[in-house]
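Look at the structure first, then read on.

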Amino acid sequence: MVTEFREELVRAFPATTIDVAGAFDERGGTYPDADEYESHIAGKTWLQLDQEYIARRSDALSFLSTDQLIAVLPAYLDLLLALGPRSPVPETLLPLLTRPSSDQSSAGKRFGDLSRRLTKPQRHEVAAALWRFAE
C-alpha cells in the first residue's frame with residue numbers, strides 16, 4: 001500500500017531538481033537553520049532527500065517559501081505515512097495542510113496560496129495522504 005502511494009506521489013509530483021533560490025525569503029527571516037536546510041535540499045529531487053534529516057527538520061516547513069514547500073511536500077507526505085504519528089512530521093505538516101477558520105489570517109492566506117498552486121493531481125495526493133494517515 002505504501003509503495004503504491006509512493007508511485008502515485010511520483011506521478012503527481014515529478015522528481016525535478018529543487019531550486020533553493022529564495023527558499024526562505026517569504027517567511028523564513030527568523031529561521032535559524034535556513035542555510036543548513038538549503039544545503040541539504042539544493043540540487044536534489046524530493047526522492048533524493050535525506051529522509052532522516054528532513055524528518056528531524058520538519059520545522060522548516062513553516063518557514064519555506066511556497067515554491068520550495070511544494071518541492072519538498074511529497075517527501076513529507078511520504079514520511080507522514082512511513083513514520084506515523086510518533087515522528088515530528090505531523091506536528092508541522094498537518095497544520096499547513098488544514099484549512100484555517102479564517103482565510104484572512106496569515107495561515108489562511110498561506111493555505112490558500114498553497115492550494116491554488118498545487119495541481120489537481122497534487123491536491124488529490126495530499127488528501128489521500130491525510131486520509132491514509134487518519135486511518
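R116 is found in helix α6. Helices (H or I, at least four residues) are DSSP runs, numbered from the N terminus. R116 is exposed, with a relative accessible area of 64%. Exposed means over 50% relative accessible area, buried means under 20%, and partly exposed lies in between (1.4 Å probe, protein chains only). R116 and G43 are 73 residues apart in sequence, and their C-alpha atoms are 25 Å apart in space.

This is a predicted model, in which local features need pLDDT of at least 70 and side-chain atom pairs count only at pLDDT 80 or more, while totals for chains, interfaces and linings use all residues. Residues are numbered from 1 along each chain as its sequence is written, and side-chain values use heavy atoms, with hydrogens and water left out.

**Helix α6**

Helix α6 has 12 residues. From its first C-alpha to its last, α6 reaches 17 Å, close to the 16 Å expected at 1.5 Å a residue. The expected span is 1.5 Å times one less than the number of residues. Which residues of α6 are buried? They are G108, R110, F111, G112, D113 and L114. The cover over these buried residues includes α4 and α5 (89–96).

**Helix α4 and its partners**

Helix α4 spans residues 66–83, and α6 spans residues 106–117. Their axes come within 10 Å and cross at roughly 60°. That makes α4 oblique to α6. Axes are lines fitted to C-alpha atoms, for helices over the stretch in contact, and angles run from 0 to 180 degrees between N-to-C directions. Angles under 35 degrees count as roughly parallel, over 145 as roughly antiparallel, 65 to 115 as roughly perpendicular and the rest as oblique.

The crossing of α4 past α6 is right-handed. A crossing is right-handed if the near helix is turned clockwise from the far one by less than a right angle, and left-handed if anticlockwise. On the α4 side, the contact is made by T66, D67, L69 and I70. On the α6 side, R110, D113, L114 and R117 take part. Contact means heavy atoms within 4.5 Å. By class, this contact of α4 with α6 has three nonpolar, one polar and four charged residues. Ala, Val, Leu, Ile, Met, Phe, Trp, Tyr, Cys and Pro count as nonpolar, Asp, Glu, Lys and Arg as charged, and the others, Gly among them, as polar.

Next comes helix α7, residues 120–134. It packs with α4 at an angle of about 20°, with the axes 9 Å apart. That makes α4 roughly parallel to α7. The crossing here is left-handed. L73, L77, L80 and L81 of α4 make the contact with E125, V126, A129, L130, R132 and F133 of α7. The contact of α4 with α7 has eight nonpolar, no polar and two charged residues.

Helix α5 also packs against α4, at an angle of about 125° and with the axes 11 Å apart. The two are therefore oblique to each other. Their crossing is left-handed. From α4, L69, L73, Y76, L77, L79 and L80 meet V89, P90, L93, L94 and L96 in α5. By class, the contact of α4 with α5 has 11 nonpolar, no polar and no charged residues.

| Pair | Angle | Axis distance |
|---|---|---|
| α4 and α6 | roughly 60° | within 10 Å |
| α4 and α7 | about 20° | 9 Å |
| α4 and α5 | about 125° | 11 Å |

**Two residues of α5**

P90 lies in helix α5. At 8% relative accessibility, P90 counts as buried. Not counting residues up to four places away in sequence, P90 touches L80, G84, P85, P95 and F133. P90 and S58 are 32 residues apart in sequence and 8.6 Å apart in space, C-alpha to C-alpha.

Is T92 buried or exposed? T92 is buried, with a relative accessible area of 12%. Leaving aside neighbours within four places in sequence, T92 is in contact with S58, D59, L61 and S62.

**Towards the start of the chain**

T16 is found in the loop between α1 (2–12) and α2. T16 is exposed, at 54% relative accessible area. Not counting residues up to four places away in sequence, T16 touches K44 and T45. E38 is found in helix α2, residues 34–41. E38 and T16 are 16 Å apart in space, C-alpha to C-alpha.
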